[in-house]
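I opened the notebook to record what I looked up in this structure. The entries follow the order in which I checked things.

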Amino acid sequence: MISKKMLDAINEQINLELNSAYIYYGMVAYFEAEDYSGMAHWLNIQAKEELEHAQRLFDFVNEVGEKVTLGALDKPSVDYKDPLDVFKAGLEHEKFITASIQKLYELAKSEKQYAAEEMLRWFINEQVEEENNFSHIVTLLERAAGKSGSLMMIDGKLGQREE
Ligand SMILES: [Fe+2]
Ligand SMILES: [Fe+2]
């Protein structure tokens with residue numbers, strides 16, 4: 001059993017996770033066009049992770065015997081200033097998602113939705129990692145300060161991300 005309020009909020013989060021994937025695919029498009037294949041690879045894996053996040057919530061809704069509802073996706077940007085601009089935007093987006101997950105978690109607690117609360121705990125931990133990943137890359141890019149040699153090294157490193 002799950003409350004209507006909780007169900008609506010989880011369905012909204014499914015949309016946010018799918019939107020996250022879409023935003024990151026927009027970033028992949030930018031990096032592919034700019035020939036940063038390592039950064040494109042990193043964000044491609046990131047986009048797939050977001051699809052998995054959506055899938056987790058999707059499965060939960062089905063497991064509690066409810067029906068998933070899907071909304072429209074927002075048109076993502078494929079235009080950025082430079083790599084730092086991209087990863088800063090990614091970090092800001094992850095912070096926004098963290099806030100959304102925390103609101104969901106608070107709702108689960110206040111509505112005594114224990115199964116949802118348990119399921120959401122995974123997302124609370126995941127968001128710590130997500131923000132940390134982006135913020136680490138922002139730091140590397142800031143240190144590189146646009147120098148092409150350093151950028152190529154970072155690109156090579158990000159190209160090694162495993163699924
Ligand atoms: Fe996510
Ligand atoms: Fe994420």
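The model is a predicted one.

**Entry 1: the loop between α1 and α2.** I looked up Asp35 and found it in the loop between α1 and α2. Its phi is near 65°, a positive value in a residue other than glycine. I noted the background: most residues other than glycine have a negative phi. Is Asp35 buried or exposed? I list Asp35 as exposed because it has 9 C-beta neighbours inside 10 Å, and a residue with 12 or fewer counts as exposed.

**Entry 2: overall make-up.** I counted the elements next: the chain has five helices and zero strands. From the N terminus on, I read the order as α-α-α-α-α. The C-alpha trace spans about 55 × 25 × 25 Å along its principal axes. Of the 163 residues, 28% count as buried. I also checked how far apart in sequence the contacting residues lie. Among contacts with a separation of 6 or more, 77% join residues 24 or more positions apart.

**Entry 3: helix α2.** I took α2, residues 37–63, as the next item. It has 27 residues and reaches 39 Å from its first C-alpha to its last, close to the 39 Å expected at 1.5 Å a residue. Which residues of α2 are buried? I wrote down Met39, Ala40, Trp42, Leu43, Gln46, Glu50, His53, Ala54 and Leu57. These buried residues pack against α1 (4–33), α3 (83–110) and α5. Just after the helix, I found Gly65 with a positive phi of about 80°.

**Entry 4: α2 against α5.** I looked at how α2 meets α5, residues 148–158. The two axes come within 7 Å and cross at roughly 35°. The crossing of α2 past α5 is left-handed. On the α2 side, the contact is made by Gly38, Met39, His41 and Trp42. On the α5 side, I noted Asp155, Gly156, Lys157 and Leu158. By class, I have three nonpolar, three polar and two charged residues in this contact.

**Entry 5: Phe58.** Still in α2, I looked up Phe58. Phe58 counts as partly exposed because it has 18 C-beta neighbours inside 10 Å, and 20 or more are needed for a buried residue. Leaving out residues up to four places away in sequence, I found Phe58 touching Ile14 and Val68.

**Entry 6: the nonpolar core.** Which residues have the most contacts inside the largest nonpolar core? That core has 34 residues, and I recorded Met27, Phe31, Met39, Leu43 and Leu120 as those with the most contacts inside it. The elements giving two or more residues to the core are α1, α2, α3, α4 and α5. I note that α1 gives the most, with 11 residues. As background, in soluble globular proteins nonpolar side chains tend to be buried together. I then followed up Leu120: setting aside neighbours within four places in sequence, it is in contact with Ile101, Leu104, Tyr105 and Ala108.

Entry 7: I looked up Phe123, which lies in α4, residues 114–144. Phe123 counts as buried because it has 21 C-beta neighbours inside 10 Å. Its C-alpha is separated by 13 Å from that of Phe60, 63 residues apart along the chain. I then moved to Phe134, which is also placed in α4. Phe134 is buried, with 21 other C-beta atoms within 10 Å. Not counting residues up to four places away in sequence, I found it touching Phe87, Gly90, Leu91 and Glu94. Phe134 and Leu84 are 50 residues apart in sequence, and I have them 10 Å apart in space, C-alpha to C-alpha.

**Entry 8: the loop between α4 and α5.** My last item was Ala145, found in the loop between α4 and α5. Ala145 is not a glycine, yet I have it with a positive phi of about 45°. Is Ala145 buried or exposed? I list Ala145 as exposed, with 9 other C-beta atoms within 10 Å.

Key. Residues are numbered from 1 along each chain as its sequence is written. Chains are lettered from A and ligands numbered from 1 in the order in which they are written. This is a predicted model: local features need pLDDT of at least 70, side-chain atom pairs count only at pLDDT 80 or more; totals for chains, interfaces and linings use all residues. Helices (H or I, at least four residues) and strands (E, at least two) are DSSP runs, numbered from the N terminus. Two residues are in contact if their C-beta atoms, placed from the backbone, lie within 7 Å. Axes are lines fitted to C-alpha atoms, for helices over the stretch in contact, and angles run from 0 to 180 degrees between N-to-C directions. A crossing is left-handed if the near helix is turned anticlockwise from the far one by less than a right angle, and right-handed if clockwise. Ala, Val, Leu, Ile, Met, Phe, Trp, Tyr, Cys and Pro count as nonpolar, Asp, Glu, Lys and Arg as charged, and the others, Gly among them, as polar. The expected span of a helix is 1.5 Å times one less than its number of residues. A nonpolar core is a set of buried Ala, Val, Leu, Ile, Met, Phe, Trp, Tyr and Cys residues joined through C-beta atoms within 7 Å.
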